[in-house]
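Welcome! Take a moment to look over the sequence and the 3D view below, and then we will walk through them together.

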Amino acid sequence: MKKALIFDLDNTIYPVSSIADELFESLFSVVEEYRDLLGNAELQNIKEEFTRRPYQEVADKYNFSKALKQKGLNHLQNITYNKPITTYEGYEEVKTLPHVKFLVTSGFTNLQNSKVKMLGIENDFLEIHIVDPQIASLTKKDIFANILLKYNYSRNEVLVIGDDPESEIKAAKSLGIDTFLFDPLNKYPNEEVSYRSDKLVAIIDCLLQ
Ligand SMILES: [Mg+2]
């Protein structure tokens with residue numbers, strides 16, 4: 001019997017693609033000042049990779065100078081998203097479940113907080129944790145373990161819900177916690193998880209099993 005649900009945020013509660021253009025346009029404008037150094041062709045690749053990989057990885061791959069890397073980081077640490085964001089279909093039903101809910105997301109603290117605010121989901125969760133490598137070295141796995149300890153949940157009383165096999169799904173599996181992989185585009189048909197669906201609302205059926 002599950003008592004608690006731990007949700008990821010990006011691409012689990014809302015699609016990042018719905019805010020990516022605006023978000024990455026401003027980051028790209030920082031990098032564009034270095035067009036002469038990076039080259040036109042590389043700049044196009046960089047722009048595309050910003051939308052799907054962590055900034056630090058892109059910066060290293062394209063050999064950003066120390067100054068540029070820091071400039072981009074400063075930008076990302078300060079930006080917020082300030083327009084309403086719409087949740088995925090099914091979230092409204094899932095949030096009415098009586099289970100205790102936690103949100104554990106990784107990214108830049110200010111930006112993640114602004115997304116939570118613009119989604120209007122603060123009150124859906126007992127605790128919200130932002131894993132920000134710029135601030136602390138805690139991982140999602142550490143946070144999951146802490147939640148189990150703090151609330152005295154056994155592993156089988158918790159379900160971790162996320163979209164990324166390399167992130168929250170991996171962390172949950174390593175702790176022996178059941179997983180729900182939300183995979184709307186069926187990107188990971190072979191990933192071993194406890195439950196999977198292309199619809200968020202399927203979480204409700206999993207909890208009845
Ligand atoms: Mg995610």
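Which parts of the structure do the buried residues of helix 7 pack against? They pack against helix 1, strand 2 (100–106) and strand 3, where contact means heavy atoms within 4.5 Å.

## Before we start

This is a predicted model, in which local features need pLDDT of at least 70 and side-chain atom pairs count only at pLDDT 80 or more, while totals for chains, interfaces and linings use all residues. Residues are numbered from 1 along each chain as its sequence is written, and side-chain values use heavy atoms, with hydrogens and water left out.

## Helix 7 and its end

Helix 7 covers residues 109–119, and its buried residues are Leu111, Gln112, Ser114, Lys115, Val116 and Leu119. Helices (H or I, at least four residues) and strands (E, at least two) are DSSP runs, numbered from the N terminus. Buried means under 20% relative accessible area, exposed over 50%, and partly exposed in between, with a 1.4 Å probe and protein chains only. An α-helix has 3.6 residues a turn, so residues three or four places apart point the same way.

Just after helix 7 comes Gly120, with a positive phi of about 65°.

## Two domains

The domain assignment of the protein gives domain 1 (4–15 + 84–208) and domain 2 (17–78); such bounds come from an automatic or database domain assignment. Taken over C-alpha atoms, the centres of domain 1 and domain 2 are 27 Å apart. Where they meet, eight residues of domain 1 are in contact with nine residues of domain 2.

Together, domain 1 and domain 2 bury about 810 Å², with 59% of it on carbon and sulfur atoms. Buried area here is the accessible area (1.4 Å probe) that two parts lose on being put together, summed over both. Pro15, Phe108 and Gln134 supply 57% of the area that domain 1 buries against domain 2, more than any other three residues. Between domain 1 and domain 2 there are zero salt bridges, but four residue pairs are in polar contact, both residues being at pLDDT 80 or more. The side of domain 1 that touches domain 2 has five nonpolar residues, two polar and one charged. In this grouping, Ala, Val, Leu, Ile, Met, Phe, Trp, Tyr, Cys and Pro count as nonpolar, Asp, Glu, Lys and Arg as charged, and the others, Gly among them, as polar.

## Around Asp8

Which residue forms a salt bridge with Asp8? Lys140 does, with the closest N and O atoms 3.2 Å apart. Lys140 lies in helix 8 (residues 140–151) and Asp8 in the loop between strand 1 and helix 1, so the pair ties together parts that are 132 residues apart in sequence. Lys140 counts as buried at 8% relative accessibility, and Asp8 counts as buried at 5%. A salt bridge is a side-chain nitrogen of Lys or Arg within 4 Å of a carboxyl oxygen of Asp or Glu. Salt bridges that share partners join Asp8, Lys140 and Glu168 into one network.

The side chain of Asp8 also makes a polar contact with the side chain of Thr12, at 2.8 Å. A polar contact is a pair of N or O atoms within 3.5 Å; within protein, one must be able to donate a hydrogen and the other to accept it, and residues adjacent in sequence count only if both atoms are side-chain atoms. Thr12 sits in the loop between strand 1 (4–7) and helix 1 (17–32) and is buried, at 0% relative accessibility. Thr105, found in strand 2, is buried at 0% as well. Among the residues that Thr105 touches are Asp8, Gln112 and Lys140.

## More salt bridges

A search of the whole structure finds 17 salt bridges. One of them joins the side chains of Lys150 and Glu127 (2.6 Å, N to O). Lys150 lies in helix 8 and Glu127 in strand 3 (residues 127–131), so the pair ties together parts that are 23 residues apart in sequence. Lys150 is exposed, at 57% relative accessible area, whereas Glu127 is buried, at 11%.

## Two asparagines in loops

Most residues other than glycine have a negative phi, and most peptide bonds are trans. Asn63, however, has a positive phi near 50°. Asn63 lies in the loop between helix 4 (55–61) and helix 5 (66–78) and is exposed, at 66%. Asn152 has a positive phi of about 60°. Asn152 belongs to the loop between helix 8 and strand 4 (158–162), where it is exposed, at 67%.
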